[in-house]
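This report describes selected features of a single model.

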Amino acid sequence: MDGNRRSVASPLAPIDTPRWVGRSAELAVLHEHLGSLRRGAGGCVLVEGPPGIGKSALVGEAVRTFGGADEVFVLRGSADEFCVSLPFQLITEALRPVDRDEPAPEPDSLWGAGARNPLAAGVQEALARVERACAVRPVVLVASDLQWADEASLTVLGALLRLTEQLPLLLVGELTTGSQRDHVQQLRRTFTTRDATQLVVGPLSDEESVRLAETYLGLPLAPGLRELAAQTGGNALHIRELVAALLRERRVEERAGQARLVPGPDSEAQLPTSLSAAIADRLGYLSDDTLEALRSASALGAGFDPGELAAVLGWPLERVAGALGEAAETGVLDEQGATVEFHAPLLRQALYESMTPAVRALRHRRIAQRLSEVGRPPERVAAQLVRAGSEPDEWTLTWLTASGAALLHRAPQLAVELLTDATEHLDRVDERREPLEAVLAMAAYLRGRFEECETIATRVLGSTVDPDRAGEMTWIVGVVLFHRGRYAEGIELATGAASRWPLSPVWLARLRALHGMLTLGTALGPEKDGSVIPRVTEALELGRSLKDAHTVAYAANTMWTYLFAMKEFDAAAVCLDEGLAGAESDPQLADIRFVLASNKMHHLRGADISDERVWATARAARKAALECGSARVGTVLGMTAGLAYFEGAWDDALADLEAVDDDVTDGYTKFTVKGLLALIRARRGDVDGARDQLEKIGDPEVLLTCARVNSTNYWHARLALAEREGREDEVLVLLRRVLAEEFGAIAADYHRLLPRALRLARAAGLADLAAEVVARAGHAAGRDDRRVVRAVAWHCQGVADADPGLLRQALEYFDGAVWAAEAAECADDLAVVLAEAGDTDGAKAAMRDAAERYLALGATGDLDRADARWREAGLRRSARGSRNRPSAGWESLTPTERRVAELVAEGLSNPDIAERLLSSRRTVQTHISRILGKLGLRSRREVARTIADRPPQSAVS
């Protein structure tokens, strides 16, 4: 070789360092987003392109070359095809650097496994962790290989997309073109609807391909190599692998300052002409030890822990380290903190697919066993078993029998998939089938598939000889029958269980509590059935003697429900406290603890208590709801919205209500949330919005009695709309409906409808119905010792008798107990009564008072209706001194919004603000969205700057 010619002999190291060529426009877009993030504004970017094109490299280069990279927190998670059934895999990897709350305790029973919805609760936990991280510094969250992301992670990412409008959060999704999975397409549409920037990464140009190869070789390319580089199709990974192959084969030499292709002997294999061939060529140079380690690593997923790989292989850690070291030197693996990742998904895929399907299945089963032996979480074991496929072996059946409940607690989808497959391969008489079907029954219950749950659990009951399993399945079927309104069948089932199986004292007590709960379903109808009392009392006494919190909690709640309906409030309160005391000691009773705390909220407010005790109870209910899952969160938001509504904080109530998912299905939440939304919007004059919410409830008559108990807001909203629109025919129908005996016997807080019903009846000239309303109010006050019910009776009687004294007495009570809407309506009626009595000055004062109250509530629909009525009585209201809150600017913020803005300025995260205000994280999100909109701002940082720039408030003497 002459002096101008030498071999480019550098082995493989030069190609391991990332190189960058081109993509200047794409980098500029990402840098612009990062700059906005540094200023406090969030955003979202979706990066799409074919495999190996350089999506991850593009995002990594953007962060690396961004001038303020040290000012942001970069979180990164990736997925692979093994993650599809493994909940939160992508998001857990991304959030690993962020401090994590203590995990929920493992269940000690099948029922305990169903006490918490792990997916719903996990979503809330992940969102809170991201929000807290954003309060420390701006966050870039990169989600790679979205086409393989699990559904739970996709749910979190979808929620985070909505939060980018108010958090310093840049969400970057990387998606390989062509994915058809429904959840991925839904997330893609969410990116689009959030006005995300879409970057489609195409192939490098021929010139850029050449330049990239030159950066790896450190020399300009001579014509032969230029042609090879151009033949890669502009795929960055292919270029890298081609250069690696050239260096391995020593097919490159330097001549006259250029890299030239060295011709090979005829016997030598041709250079790889495709990406797959190039990858196969690279892997062919690895030692047997390294290949064996990498094949097992490829079955673990895109990223893995070396210690875990050692356990799987059964090798000493030193041997594993040697194999991984060779793989890193050859550019197959990259170190990422405590984990090791394949440099490119296609490298892992090639190794995985180099094994036959049968070998892959055997390897997955071996990995599952080893992971179980070293104590890895059940969902990790289950993910390997799902990949193994085919008929489950003896070890799998044994493991599922022992770990089914724990798996259901942590990964319901995986549990269902494996258990369904296992039971399909077992004969009906196989004794291993029964425990697996018991877990499947609970899985169906958790997913709301009550018919499927009943079928499976009933089949288990038909064959089991295990008394504890019989008790558990009887309970599950009984609860399903309760939810489906089949009370008599449930009572028969609970009664017969004791004679059919030798139940333990604990299960005897629990089924007595179930019997009482089912009896309650019939006891709350028009014909009150007092037989529920002795049955539930017996269950309570048994629970106390056995110290079984489960029995005490459920029995106490049943007793409270009945006593509250019977207006025996003092005795009912004792039941609530006893049930809560027991439930608070057991994390597996989160669901009934939530129910008890929610009922206590309602109970305290009905007793005219509107202080810290109510909101402390609300916080306890919300905590239990988060443990149970998102459906319960919606229910507790409906409860807290009701409290805010009563106290006149309608904007706060709307913030809670609008934070509830729009697709709620249970009747209770439909009535409490949609009904109250409809009522507020009707009273604020938003007729279309109110009707939209009423339509979402559907036909209230088809819902169970336990849901119709909460229908007062629904009927109140319909009355308000009929009154506003002057539809007398509908008024008559509605009045007859709400005055029916069975309605008053079922609906909670029935008295709240009566003043409006009386006004409607009198306006329509329906004297008989008006008299009936007054009689109903008096009857309610006679059997319900709550003062609010008596005050409503004073209100109605004062209107009927044209007695200002009774109306003032009611108004004084409403003000003292903070019943804001009731007070406004009472002042409204007082103005008319005084005007008709000739007390013009008193009438005008009452009218101004009522108008100010309506304006404070934002009840412009009520005020418009009242203005027309006052004019008929000879009263005309001046607009001076009475004005609506402005729609924009600082003065447009409600008191709660101002407080939230101040806490944002202090640097608190949404979860921390929620804790400070005894609110929910979702509600705080709603408040911040409104604050940004009203102030015309884009970020929390701008909110903080606005607070800092505001002049100090003058002292008021």
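## Arg940

Arg940 is located in helix α48, which covers residues 940–949. Helices (H or I, at least four residues) and strands (E, at least two) are taken as DSSP runs and numbered from the N terminus. The model is a predicted one, in which local features need pLDDT of at least 70 and side-chain atom pairs count only at pLDDT 80 or more, while totals for chains, interfaces and linings use all residues. Residues are numbered from 1 along each chain as its sequence is written, and side-chain values use heavy atoms, with hydrogens and water left out.

Arg940 is buried and yet has no salt bridge; Glu131, the nearest side chain of opposite charge, is 6.3 Å away. Here, buried means under 20% relative accessible area, exposed over 50%, and partly exposed in between (1.4 Å probe, protein chains only). A salt bridge requires a side-chain nitrogen of Lys or Arg within 4 Å of a carboxyl oxygen of Asp or Glu. For charge, Lys and Arg count as positive and Asp and Glu as negative, whereas His and the chain ends are not counted. Leaving aside residues up to four places away in sequence, Arg940 touches Gly40, Gln166, Leu167, Pro168, Val904, Leu908, Ser909, Asn910, Ile913 and Ile928, where contact means heavy atoms within 4.5 Å.

## Overall composition

The chain contains 48 helices and eleven strands. Of its 957 residues, 56% are buried. Among contacts in the chain with a separation of 6 or more, 70% are between residues 24 or more positions apart.

## Helix packing

Two packed helices are described by the angle between their axes and the distance between the axes. The axes are lines fitted to C-alpha atoms, for helices over the stretch in contact, and angles run from 0 to 180 degrees between N-to-C directions.

Helix α26 (residues 549–565) and helix α27 (residues 569–583) have axes that come within 8 Å and cross at roughly 160°. This angle makes α26 roughly antiparallel to α27; angles under 35 degrees count as roughly parallel, over 145 as roughly antiparallel, 65 to 115 as roughly perpendicular and the rest as oblique. The crossing of these two helices is left-handed, a term used if the near helix is turned anticlockwise from the far one by less than a right angle, with right-handed used if clockwise. Residues of α26 in this contact include Val552, Ala556, Trp560 and Phe564, and those of α27 include Phe569, Ala572, Leu576 and Gly579.

Helix α45 (residues 895–905) packs against helix α46 (residues 910–917) at an angle of about 130°, with the axes 10 Å apart. The two helices are therefore oblique to each other, and their crossing is right-handed. Arg899, Val900, Leu903 and Val904 of α45 make the contact with Ile913, Arg916 and Leu917 of α46. Val904 and Ile913 are also among the residues touched by Arg940.

## Salt bridges

Side chains of opposite charge can pair when their charged atoms come close. The whole structure holds 60 salt bridges. One of them joins Glu308 and Arg380 (2.6 Å, N to O), linking distant parts of the chain: Glu308 lies in helix α13 (residues 306–313) and Arg380 in helix α17 (residues 378–388), 72 residues apart. Glu308 is buried at a relative accessible area of 5%, whereas Arg380 is partly exposed at 23%.

Glu437 and Arg459 also meet in a salt bridge (2.8 Å, N to O). This pair connects helix α20 (residues 433–446) with helix α21 (residues 450–463), 22 residues apart. Glu437 is buried at 6% relative accessibility, and Arg459 is partly exposed at 33%.

Asp862 and Arg865 form a salt bridge at 3.9 Å, N to O. Both belong to helix α44 (residues 860–872), and because they are three residues apart, about one helical turn separates them. Asp862 has a relative accessible area of 3% and Arg865 one of 12%. Both residues take part in a network of salt bridges that also links Arg683, Glu723, Arg756, Arg759, Glu825, Asp828, Asp829 and Arg869.

## Backbone with positive phi

Most residues other than glycine have a negative phi, and most peptide bonds are trans. Ala256 has a positive phi of about 55° and lies in the loop between β7 (252–255) and β8 (258–261). Ala256 is exposed, at a relative accessible area of 61%. Lys547 likewise has a positive phi, near 55°, in the loop between α25 (532–546) and α26; Lys547 is exposed at 74% relative accessibility.
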